[in-house]
Structures are given as C-alpha cells and as structure tokens.
2 protein chains.
Amino acid sequence: MIAAGSSVEPFWVLYGIHVNDHVFEVLETLRIGNLSKSDIVNVADVGDPYAKDPIRHSALKPANMKPFNAEISPALLCESFITPKNRFQFEGLDLDVTATQYAASIPIWKAVDRRGDVILAYEMNGVPIPPDHGYPIRVVVPGVAGARNVKWLGKIVVSEKESTSHWQQNDYKGFSPSIDYDNVDFSKAPSIQELPVISAICKPLEGEVVKVENGYINLKGYAWSGGGQQIIRVDLTLDEGKTWHIASLDAQDTALPPQHWAWTLWSAKLPVAPEFKEVEIWCKAVDSCYNTQPERFENIWNFRGVLSNAYHRVKIKLNQ
Amino acid sequence: MIAAGSSVEPFWVLYGIHVNDHVFEVLETLRIGNLSKSDIVNVADVGDPYAKDPIRHSALKPANMKPFNAEISPALLCESFITPKNRFQFEGLDLDVTATQYAASIPIWKAVDRRGDVILAYEMNGVPIPPDHGYPIRVVVPGVAGARNVKWLGKIVVSEKESTSHWQQNDYKGFSPSIDYDNVDFSKAPSIQELPVISAICKPLEGEVVKVENGYINLKGYAWSGGGQQIIRVDLTLDEGKTWHIASLDAQDTALPPQHWAWTLWSAKLPVAPEFKEVEIWCKAVDSCYNTQPERFENIWNFRGVLSNAYHRVKIKLNQ
C-alpha cells in the first residue's frame with residue numbers, strides 16, 4: 001500500500017525496527033517468486049529523515065537507531081528525580097511515511113481541572129525542551145500514560161469526542177487474557193489514560209551476583225501509580241510471600257494524592273539466610289487508594305502487551 | 001475502666017457482639033477468682049438504648065442484634081441499584097458507653113471539589129433517611145470507605161488536620177502482611193479513604209448445586225472501584241485462569257470516571273465441560289485506571305482485616 005507498486009525497501013529502511021531476522025523469516029514463507037534484474041525499476045531515495053538526529057548520551061542502550069529508541073539502565077533510573085536530557089524517544093507528532101500525524105486525546109475534565117496539572121512544556125530542567133522530548137512544545141499530562149503526552153505539539157482541538165487516531169482507538173488499550181487479534185473488538189475497551197500501580201527493582205538486576213554483607217543485601221527501586229495516587233508502601237519478599245519486608249521510601253514528592261505525580265524511590269536492606277546461594281526478590285507497591293499489583297502476568301496478560309504491572313521478580317546469585 | 005469498680009455486665013450486654021463463647025473462653029484463662037455472693041453490689045440498670053429500634057426487614061441475616069448488624073443475601077444485592085431501607089447498620093455519631101462519639105474525616109479537596117459529589121443526605125429513595133442509615137443527616141462521600149460516611153451527623157469541623165478519633169487514627173488502615181499487633185505503628189499507614197477495585201459473585205453461592213442447562217451455567221455479581229473509577233471489565237474463569245471469559249455489564253451508571261460512584265451489575269453464561277462434577281469460579285474486575293485485583297489474599301492479608309479485594313472464588317457442584 002505504501003509502496004503503491006514501487007519497491008518497499010525505502011520504507012523498510014525508514015522504520016528500521018522491522019529490519020531483523022525474525023521479520024525476514026516470516027516474509028520468506030510468503031515469497032511468491034524473484035524479480036528478474038531487468039524488471040527492477042530504480043526508485044527515488046526518500047532520504048534519511050533521521051540524518052540530523054542529535055548525538056545521544058552514552059549511557060543509553062539503543063533498541064533501535066531509526067527512529068531512535070533506547071533504554072536507560074535501571075540503576076540510573078533510581079539516582080535522581082531530574083530526568084536527564086536526550087534519554088528517551090517516543091513516537092510523536094511528526095509525519096510517518098504514510099503522512100499520518102501522531103495524535104492522542106485526554107478527557108476534557110483532566111485538561112481543565114485545576115488539580116489536573118496539565119502543562120504545555122517548552123522547558124525541561126531549566127533549558128529549552130530537547131528535540132527527543134518534543135521541542136518546541138510537548139503536552140505533559142501527569143498521571144496519564146506517556147502515549148497521551150504528545151510531543152512536537154502542532155495543534156490542540158477541544159472536542160467532546162476522543163481522537164480518532166490509530167493510537168487512541170486501536171492501539172493503547174487493555175483486554176482480557178483470552179482476547180487475541182482474531183476475536184478483538186477494539187471498541188470494547190477504553191483507551192488507556194490513568195495507569196495502574198507499579199513498582200520495579202532496579203538494583204540488583206536479574207542474574208547479578210550480589211555480595212552479602214553481614215547477612216544482608218541492599219536493594220533499590222522505584223514505584224509509581226497513575227491518577228496522582230501516592231505510593232504509600234512498597235513490600236518486598238525473598239521467600240515467595242511467606243515474609244514481607246517494608247522498603248524505606250527515600251524520595252517522594254511532597255504533593256498529596258490525587259496530585260502526587262512523581263516516582264517514589266525506595267531502598268531496603270534485607271536479611272538472607274547464610275545457606276542460600278540464590279534468591280528471588282519479589283516487589284509490590286500499594287497506592288493511596290490501597291490498590292496493589294497482581295501477583296503474576298498470566299492473569300493480566302493481554303495481546304497488546306501493555307499494562308504489565310504484576311510483581312517485579314528478580315533472581316540473583318548470592319556471594320557469601 | 002468502664003465499670004470503674006462496678007460490675008462490667010451492663011457493658012457486656014450493651015455491646016452484645018462480645019457475648020459469645022470465643023470471648024468467654026479467652027476470659028476464662030484470665031480468671032483470678034470468684035466473688036463471694038455477699039460481696040456483690042447491685043448496680044443500676046443502664047437501660048437498653050436499643051429498646052426503640054425499628055423492626056427490620058425479614059430478608060436480613062443479623063450477625064448481631066444490639067447494636068443491630070446484619071447482612072443481606074448476595075443474590076438480593078444484585079437485584080437493583082435502589083438501596084432498600086433499613087438494611088444496614090454501622091457505628092455512628094451516637095455515644096458509646098465510654099461517652100465517645102464516632103468521628104471520621106476526609107481530605108478537604110474531596111469535600112470542596114465540584115466533582116467530589118459529597119452530600120449531606122436527609123432523604124433516601126425519596127423519603128426521609130431511615131434511622132439505620134443516619135437519620136436525620138448522614139454525610140455521603142462517594143468513592144470513599146463507608147467508615148468515613150458518618151451517620152447521625154452532629155457537627156462539621158473544617159480543619160487542616162485529620163480527625164483524631166480512634167477509627168481514623170488506629171483502626172481503618174492497611175498494613176503489610178508481616179505487621180501484627182506486636183510491631184504495628186499506626187502512624188505509618190494512611191487512613192483508608194478511596195478504596196481499591198473489587199468484584200463479587202453473588203449467584204451461585206459457595207457450595208450451591210447448580211443446574212447445567214445445555215452445557216452452560218448462569219452467574220451474577222457486582223463490581224466496584226473507589227475514587228469514582230468506572231468498572232470497564234469483569235473477567236471470569238472456571239479453570240484457574242487458563243481461559244478467561246468476559247461478563248456482560250448489565251447495569252452501570254452513566255457518569256464517566258472519575259465520578260462513577262455506583263456498583264456495576266454483571267452477568268455471564270459460561271460453558272462447562274460435561275464431565276465436570278464441580279467447578280471453582282474466579283472473578284476479577286478491571287477499573288478505568290486499569291487497576292485490577294490481586295489473585296490471592298495471602299499477599300495482601302493484614303491484621304486489621306480490611307481491604308480484602310483479592311479474587312472472589314466460589315466452589316459449586318454441577319447438576320448435569
């Protein structure tokens with residue numbers, strides 16, 4: 001469709017995330033023949049819209065280069081409330097190769113509510129907001145999924161209706177575990193706005209060898225809840241829930257719910273029995289509505305791969 | 001302390017919930033002797049403050065008569081949005097035998113928020129609010145725990161601080177599963193206000209023999225979430241989560257979140273394999289923040305016995 005009779009290769013290159021062995025394996029099963037060399041028509045180079053991308057920070061671990069899409073190390077995530085510049089990338093208001101603009105909407109009550117704290121951000125950490133974060137303007141909708149925090153903002157429409165964009169109507173939604181692409185009805189699920197409560201262990205990481213000091217190990221992580229709810233407790237267990245320990249909430253913003261937008265950073269020093277050679281850490285948070293996380297992903301799994309807020313579990317080796 | 005050197009018996013009688021074998025067994029271990037009959041002093045009858053109680057509806061199953069404290073049958077709970085009169089009892093603003101008034105508080109933002117919908121109710125279902133519901137005035141705080149919906153309201157104080165009452169400070173709070181009466185610090189937990197998402201199966205009941213009709217059984221129940229969040233889905237499983245079915249949401253109020261205060265009534269017709277003689281139904285709800293319920297009570301258990309929003313599970317026998 002995009003190629004309209006021409007080569008699809010420029011489009012493959014443009015969205016490089018699909019240029020991988022797994023996709024080529026799938027395509028191979030669909031091959032119906034090979035073009036004779038004399039039939040190949042040269043197509044104009046669509047150019048590289050990412051040519052002027054800035055140089056990114058070296059701490060980023062790119063999952064994809066074009067468009068740039070990277071993760072930060074979990075340990076760094078726990079260091080500070082201040083988001084370092086140039087460290088994330090989401091899809092935005094720029095045109096994709098089908099000339100479609102990214103678009104999303106939020107309920108009007110959230111936009112006009114004095115306590116909604118929705119802002120149009122032109123600065124971040126005291127300097128103009130960097131291109132990767134939506135320069136010159138990004139809408140920031142605290143407590144709401146990032147997909148609704150549109151970057152490179154070009155237009156605001158006040159309407160009684162939701163955005164009709166693909167991302168609003170057919171993408172960021174949650175479904176029952178037994179729903180898949182064959183039986184899904186996207187109109188049956190509301191678009192994700194406020195998110196459920198979540199927590200993560202950032203230190204140690206999965207598989208890490210951790211030094212036991214005087215019978216204890218040190219942990220760090222974060223927790224957060226949507227809708228401005230405050231994290232009131234983070235519980236940790238090393239014995240599959242037989243004993244729960246309470247983390248220290250080290251850094252938390254001072255706003256009260258339901259305007260508590262920031263992450264809570266937690267830490268804990270937990271006792272481990274001297275005979276243990278490895279241990280699995282489980283982590284769950286509780287928010288100011290006393291909502292907590294589901295234990296396992298199986299019962300909240302959904303084919304869109306979103307809303308994965310089951311307990312974070314990290315298995316580590318002990319050096320003692 | 002209450003008896004102040006006199007017989008404690010009138011006070012036992014007054015709060016009859018303690019007059020049961022279990023309490024007497026505990027007291028028996030504390031017995032230090034028996035009074036000689038000549039030492040017994042007659043005390044004035046404190047009277048029966050419940051003497052003028054109204055006659056209650058016959059569908060109620062009383063757990064206690066003085067004060068009256070009853071449950072309604074789960075099937076009736078699903079019948080209608082209209083709360084029948086004279087069907088609940090909570091502690092209220094009346095004095096207890098220690099001359100202490102019941103008291104509770106809510107955050108100021110909830111009380112003054114246009115979307116908070118807090119009302120002082122003097123009518124219910126079109127008639128003066130019945131005594132059991134707080135005549136002449138009860139504060140109704142939608143989305144918030146019933147313990148903060150004070151009955152027989154005598155006074156409203158506007159303050160920056162929470163109520164200092166026992167029920168606000170040391171009673172309706174949630175704690176980690178490893179906290180008990182020996183290590184609890186009540187100041188470490190916020191008072192329960194908005195409640196987490198919950199659901200229940202009302203029909204069939206635990207242990208019921210259910211007729212299978214053409215391979216299907218019929219279920220009914222309710223779901224609800226605090227803070228005005230809407231129920232967006234109720235998932236049901238008959239095979240411990242291997243397959244999830246989606247209930248029909250039959251009755252739901254028309255308000256949008258976060259002003260969606262009413263219960264959602266659901267029903268479902270689920271297929272059962274012909275060889276099954278019994279089955280366990282699990283039920284979980286998802287609200288408009290996409291928060292859902294924890295799977296098991298073990299990991300959310302807390303010594304105050306509150307916030308028990310794990311999956312509702314009902315084991316039934318099949319007649320097929």
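**View 1. Gln320(B) follows strand 15 of chain B.** In this predicted model, Gln320(B) sits in the segment after strand 15 (312-319) of chain B. Is Gln320(B) buried, partly exposed or exposed? Its relative accessibility is 40%, so Gln320(B) counts as partly exposed. The side chain of Gln320(B) reaches two backbone oxygens: that of Ala273(B) at 2.9 Å and that of Pro274(B) at 2.8 Å. Lys277(B) is 43 residues from Gln320(B) in sequence, yet the C-alpha atoms of the two are 7.8 Å apart in space.

**View 2. Ser176(B) meets chain A.** Ser176(B) belongs to the loop between helix 5 (166-169) and strand 7 (198-203) of chain B. Its relative accessible area is 1%, under the 20% limit, so Ser176(B) is buried. Which side chain of chain A makes a polar contact with the side chain of Ser176(B)? The partner is Asp235(A), at 3.0 Å. Beyond four places in sequence, Ser176(B) is in contact with Arg233(A), Asp235(A), Trp244(A) and Ile246(A), and also with Trp301(B) of chain B.

**View 3. The interface of chain A and chain B.** Each side is listed by residue count: 43 residues from chain A and 43 residues from chain B take part in the contact. About 3,300 Å² is buried between the two chains, and carbon and sulfur atoms give 47% of that area. In chain A, the residues that lose the most area to chain B are Tyr290(A), Glu295(A) and Asn299(A); together they account for 22% of what that side buries. How many salt bridges cross the interface of chain A and chain B? The rule finds 4. A salt bridge joins the side chains of Asp113(B) and Arg115(A), with N to O at 2.4 Å. Polar contacts link 22 residue pairs between chain A and chain B, counting pairs with both residues at pLDDT 80 or more. Strand 10 (residues 231-237) of chain A gives the most to the chain A side, with 3 residues. By class, that side holds 21 nonpolar, 13 polar and 9 charged residues.

View 4. Tyr290(A) lies in the loop between strand 14 (278-287) and strand 15 (312-319) of chain A. Its phi is positive, about 60 degrees, although Tyr290(A) is not a glycine. Tyr290(A) counts as buried because its relative accessibility is 5%. Leu307(A) is also placed between strand 14 and strand 15 of chain A. Phi of Leu307(A) is positive too, near 60 degrees. With a relative accessible area of 15%, Leu307(A) is buried.

**View 5. Two cis peptide bonds.** The bond from Lys203(A) to Pro204(A) is cis, with omega near 0 degrees. Pro204(A) is in the loop between strand 7 (198-203) and strand 8 (209-211) of chain A. In chain B, the bond from Tyr135(B) to Pro136(B) is cis, with omega near 5 degrees. Pro136(B) falls in the loop between strand 5 (127-128) and strand 6 (138-140) of chain B.

View 6. The search finds 0 disulfides over all chains. For Cys283(A), the nearest cysteine sulfur is that of Cys202(A), 9.0 Å away. The limit for a disulfide is 2.5 Å, so Cys283(A) is in none. Cys283(A) is buried, at 0% relative accessibility. Cys283(B) is in no disulfide either; the sulfur of Cys202(B) is the nearest, at 9.0 Å. Cys283(B) is buried, at 0% relative accessibility.

Methods:
Residues numbered from 1 in each chain as written. Chains lettered and ligands numbered in written order. Predicted model: local features only at pLDDT ≥ 70, side-chain atom pairs only at ≥ 80, totals over all residues. Heavy atoms only, no water. Contact = heavy atoms within 4.5 Å. Buried area = accessible area lost by both parts, 1.4 Å probe. Polar contact = N/O pair within 3.5 Å; in protein donor to acceptor, adjacent residues only side chain to side chain. Helix = DSSP H or I, 4+ residues; strand = E, 2+ residues; numbered from the N terminus. Nonpolar A, V, L, I, M, F, W, Y, C, P; charged D, E, K, R; others polar. Buried < 20%, exposed > 50% of the residue type's maximum accessible area, 1.4 Å probe, protein only.
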